[in-house]
Amino acid sequence: MIGTLIHTHDVPMADRFAYWCELVGRTRSPHDVSSVHATDFQAELRQMDMGPLNVWPTSFRPSRFRRSSRHVRRSDPETYHLTLLLEGGLGLDHADRNTVHGPGDLHVVDSSRPYDLRSADDGRSQAVSGVGADFPKALLPVPPHRMRALLGRPLSCREGTGALLSDFLVGLGRRAETLRPSDASRLGAVVLDLVSALFAQELETEDALSPETRQHALVEGIRAFIRQNLHDPELAPPMIAAAHHISLSYLHRIFQQHRHSETVAACIRRQRLEGARRDLARPALHGTPIHAVAVRWGLPRASDFTRAFRAAYGLSPREYRLQALSAPAEKPEPAPAR
């Protein structure tokens, strides 16, 4: 497990807002926090120390966060605060910009400048949720004077590098319970590479990126492309290489470097089998023929699917479905065969 999940309901109602302010103070540079819901406050926060940066998925009732010039003069950690908004709305005054952010937007603020960040409608009790990340400015290849153009701006995470970053940040929160602490620094470096790639793309300064950062961003793009096209039986290394404008040999080389020697074809096969296995265990799909389940995961040849499934899980697809649906609470999920 990576990080610690903290709920305000773990403390008495009267102490919850003060407790929340203390938690947020550990993740962000000094600022004031207020809320019209302070007397009945609810929030949760997962603190994830990921080597070069801190990531913190969070959900809270409408609040306001203000960092004044006095705060800046008193203490400046020289960091950027990045926020991916998932639910709710936020208004932001920062770097001479007044902006409104909605779900799917990402924004960044500079600890060296004042800001006023507030829920778009403090009068409503709807929770605001998102993922924050804090990291030193020195870790970015983009110089501070160029970053000025991005501060406070809504950056879309619906396509391209922004979508990769969004998916990765959300995935960290969802999989935190199963991730190993030893993975934290490596995963944090991936986040930083994606952030660097997004900012450089927005500022058209891709030349400032190191070869390693470019390669990491490319690998994450390839992995996302694979996930999105598993249903296509034509998905194969040549198709992936062509889609990313790289040679087949380069695809195999960088993929094995970043996937601990797993080949591209093996990665596709593993994810397809995992998807089919999950569907076979779903009661809602018990009437769907096994062949149809395989086809929807890009495995149209029944004999090949059965052979690969048995090799991976030690059971035929039919045997696994019967076992999973007859006693799902008692039968453990089969481990992939080694």
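**Entry 1: an aspartate and a tryptophan**

I began with a side-chain pair: Asp279 and Trp297 make a polar contact of 2.8 Å through their side chains. This is a predicted model, so I treat that distance as computed. I placed Asp279 in helix α9, which covers residues 264-280. Is Asp279 buried or exposed? Its relative accessibility is 5%, so Asp279 counts as buried, the cut-off being under 20%. I then listed what it touches, skipping neighbours within four places in sequence: Asp279 contacts Leu285, Val293, Arg296 and Trp297.

**Entry 2: confidence**

The mean pLDDT of the protein chain is 85, and 93% of the residues score at least 70. Which elements have the lowest and the highest mean pLDDT? Helix α6 (residues 211-228) is lowest at 80, and strand β7 (residues 90-94) is highest at 93.

**Entry 3: the sheet of 7 strands**

I traced an open sheet of 7 strands, with antiparallel pairing, in the order β1-β3-β4-β11-β6-β9-β12. At its edges I found β1 (4-7) and β12 (155-156), each with a single partner strand, so one side of each has no neighbour in the sheet. A reminder to myself: strands of a sheet pair through backbone hydrogen bonds, either parallel or antiparallel.

I looked at its partners one by one:

- With β3 (residues 43-50), β4 pairs in the antiparallel sense over 6 bridges. Met48 has Val55 in β4 as its bridge partner.
- β3 and β4 make a hairpin with 2 residues between them, and Gly51 in the turn has a positive phi of about 70 degrees.
- With β11 (residues 128-136), β4 pairs in the antiparallel sense over 7 bridges. Here Pro57 stands opposite Val131 in β11.

Further along the sheet, I looked at β6 (residues 79-87) and β9 (residues 105-110), which pair in the antiparallel sense over 5 bridges. Opposite Tyr80 I found Asp110 in β9.

**Entry 4: helices across that sheet**

What lies across β3? I found two helices, α1 and α5. Helix α1 (residues 16-27) lies across β1, β3, β4 and β11, at about 25 degrees to β3. Helix α5 lies across β3, β4, β6, β9, β11 and β12, at about 95 degrees to β3.

At the β2 end, β2 and β5 (residues 64-67) pair in the antiparallel sense over 3 bridges. Ser34 has Arg64 in β5 as its bridge partner.

**Entry 5: loops and positive phi**

Most residues other than glycine have a negative phi. I wrote down two loop residues with a positive one:

- Glu78 is not a glycine, yet its phi is positive at about 60 degrees. I found Glu78 in the loop between α2 (69-74) and β6. With a relative accessible area of 41%, Glu78 is partly exposed.
- Asp96, also not a glycine, has a positive phi of about 65 degrees. Asp96 lies in the loop between β7 and β8. Its relative accessible area is 75%, so Asp96 is exposed.

Last stop was Gly88, in the loop between β6 and β7. Setting aside neighbours within four places in sequence, Gly88 is in contact with His101, Gly102, Pro103, Gln126 and Ala127. I also took its distance to Arg146: Gly88 and Arg146 are 58 residues apart in sequence and 29 Å apart in space, C-alpha to C-alpha.

Note on methods. Residues are numbered from 1 along each chain as its sequence is written. Side-chain values use heavy atoms; hydrogens and water are left out. Two strands pair if DSSP finds at least two bridges between them. Helices (H or I, at least four residues) and strands (E, at least two) are DSSP runs, numbered from the N terminus. pLDDT is the predictor's confidence in each residue, from 0 to 100. Contact means heavy atoms within 4.5 Å. Axes are lines fitted to C-alpha atoms, for helices over the stretch in contact, and angles run from 0 to 180 degrees between N-to-C directions. Buried means under 20% relative accessible area, exposed over 50%, partly exposed in between (1.4 Å probe, protein chains only). A polar contact is a pair of N or O atoms within 3.5 Å; within protein, one must be able to donate a hydrogen and the other to accept it, and residues adjacent in sequence count only if both atoms are side-chain atoms.
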